[in-house]
Amino acid sequence: MDEGNQSAVSEFVLLGLGHSQDAQVLLFMLFLVVYVTTIIGNMVIMILVIIDPHLHSPMYFFLANLSFVDMWFSSVTTPKMIKDFLTENKDISFRGCMCQILFVHFVGGIEMVLLVVMAYDRYVAICKPLHYSTIMSMQRCTGLVVTSWVVGFVHSIVQFVPIMELRFCGPREIDSFFCDIPLVIKLACMDTYYLDVFVNIDCGAIAVTCFVLLLISYTYMIHTIHQNSKTGASKALSTCSAHITVVMVYFVPCIIIYVWPLNITWLDKFLAVFYCVFAPLLNPAIYTLRNKEMKNAVKRFGSYYGGAKGNT
């Protein structure tokens with residue numbers, strides 16, 4: 001790590017979401033409940049997919065991976081934010097700030113590609129049902145998940161390296177609840193115009209490309225669904241609508257913040273909270289509540305657990 005950076009600025013100050021003490025306590029309770037629910041909800045999905053044979057299919061394999069990523073994504077920023085609600089010292093070390101930058105974009109990149117992979121899985125299931133088991137083999141599914149991790153790593157590292165080369169010697173206040181790339185770049189004691197452009201291009205390359213691919217995929221799927229029988233179409237349309245909801249919740253805030261920034265502080269904070277804190281909670285909620293197989297798996301798990309407990 002650059003020693004010049006450490007000697008000039010050893011820590012940053014996160015201004016958080018508000019300054020009123022009453023508001024801080026209320027926000028602490030709200031986000032603590034949201035975070036705990038997010039962790040439990042995503043863990044339940046992962047456990048159900050692992051132990052329930054009815055869920056041993058590509059769709060739920062990808063869903064379990066998405067739940068793991070969501071759990072990790074939420075844990076990068078939310079615990080620090082929750083802690084800061086109850087303390088006056090909202091400092092974050094230089095190393096801690098850089099770690100947040102690295103992992104937010106690493107995990108965020110993985111999630112974007114995973115959502116595309118899940119759309120591809122649904123495309124094959126709806127548009128090529130007779131070839132589904134052949135195309136979506138376990139080997140291919142594993143390869144697609146590995147690809148998402150590789151893309152996420154490359155996406156994060158190409159931004160992380162130039163940011164590590166920046167010199168920080170002046171202001172150290174970040175008007176957010178976590179270290180976000182656009183806000184950290186503004187604190188650098190050097191011209192960062194080209195770095196700003198590079199970050200926008202890099203984020204746009206992955207975010208806009210994935211978003212466009214998703215829109216095309218779901219448009220084609222919905223068109224195909226309407227040509228099928230009403231019975232099959234109803235179930236497929238329900239699955240697609242759940243996926244589209246997740247896509248909009250995650251991609252729209254990311255594109256506004258990183259690709260076409262409006263530079264409106266309160267709006268940036270709201271959008272950051274939405275995709276960092278609430279999106280990982282909405283994913284398990286949407287997929288579980290709107291998916292009959294997942295609800296049946298929960299019932300089977302509850303019946304098995306309740307029966308086992310009654311026999312002891």
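Student: In this predicted model, in which sense do strand β1 and β2 pair?

Tutor: The model is a predicted one, and its open sheet of three strands runs in the order β2-β1-β3 with mixed pairing. In β2, I92 is the bridge partner of F12, while D91 is the bridge partner of V13. Over three bridges, β1 (residues 11–14) and β2 pair in a sense that is antiparallel.

Student: Which residue of β3 is the bridge partner of L14?

Tutor: Strands of a sheet may pair either parallel or antiparallel, through backbone hydrogen bonds. Here β1 and β3 pair in the parallel sense over two bridges. In β3, the bridge partner of L14 is I174.

Student: At about what angle to β2 does α4 run as it lies across the strands?

Tutor: Helix α4 lies across β1, β2 and β3.

Student: Are α6 and α8 roughly parallel or antiparallel to each other?

Tutor: The axes of helix α6 (residues 138–164) and α8 come within 11 Å and cross at roughly 175 degrees. Angles over 145 degrees count as roughly antiparallel. The two helices, α6 and α8, are therefore roughly antiparallel.

Student: How many nonpolar residues does the contact of α6 with α8 have?

Tutor: From α6 the contact draws on V151, H155, V158, Q159, P162 and I163, and from α8 on L195, F198, V199, D202, C203 and I206. By class, two of these residues are polar and one is charged, and the number that are nonpolar is nine.

Student: Which element gives the most to the lining of the largest cavity?

Tutor: The structure holds three cavities of 30 Å³ or more, and the largest has a volume of about 120 Å³. The elements that give two or more residues to its lining are α4 (94–127), α8 (193–226) and α9 (230–259). With five residues, the element that gives the most is α4.

Student: How many charged residues are there in the lining of the largest cavity?

Tutor: The largest cavity is lined by 14 residues, and those nearest its centre are H105, M112, H155, C254 and Y258. The lining divides into 10 nonpolar and four polar residues, and the number of charged residues is none.

Student: How many charged residues are there in the lining of the second largest pocket?

Tutor: About 410 Å³ of space lies in the second largest pocket. Of the 19 residues that line this pocket, P182, L183, K186, N263 and D268 are the closest to its centre, and the elements that give two or more residues to the lining are α7 (181–185), α8, α9 and α10 (265–289). By class, nine of the lining residues are nonpolar and four are polar, and the number that are charged is six.

Notes: Residues numbered from 1 in each chain as written. Predicted model: local features only at pLDDT ≥ 70, side-chain atom pairs only at ≥ 80, totals over all residues. Heavy atoms only, no water. 1 Å grid on protein atoms, 1.4 Å probe; cavity = no way out; pocket = protein on both sides within 12 Å on 5 of 7 lines; lining within 4 Å. Points joined across faces, edges and corners; volume = space filled by probe spheres on them. Helix = DSSP H or I, 4+ residues; strand = E, 2+ residues; numbered from the N terminus. Nonpolar A, V, L, I, M, F, W, Y, C, P; charged D, E, K, R; others polar. Pairing = 2+ DSSP bridges. Contact = heavy atoms within 4.5 Å. Axes fitted to C-alpha atoms, helices over the stretch in contact; angles between N-to-C directions. Parallel < 35°, antiparallel > 145°, perpendicular 65-115°, else oblique.
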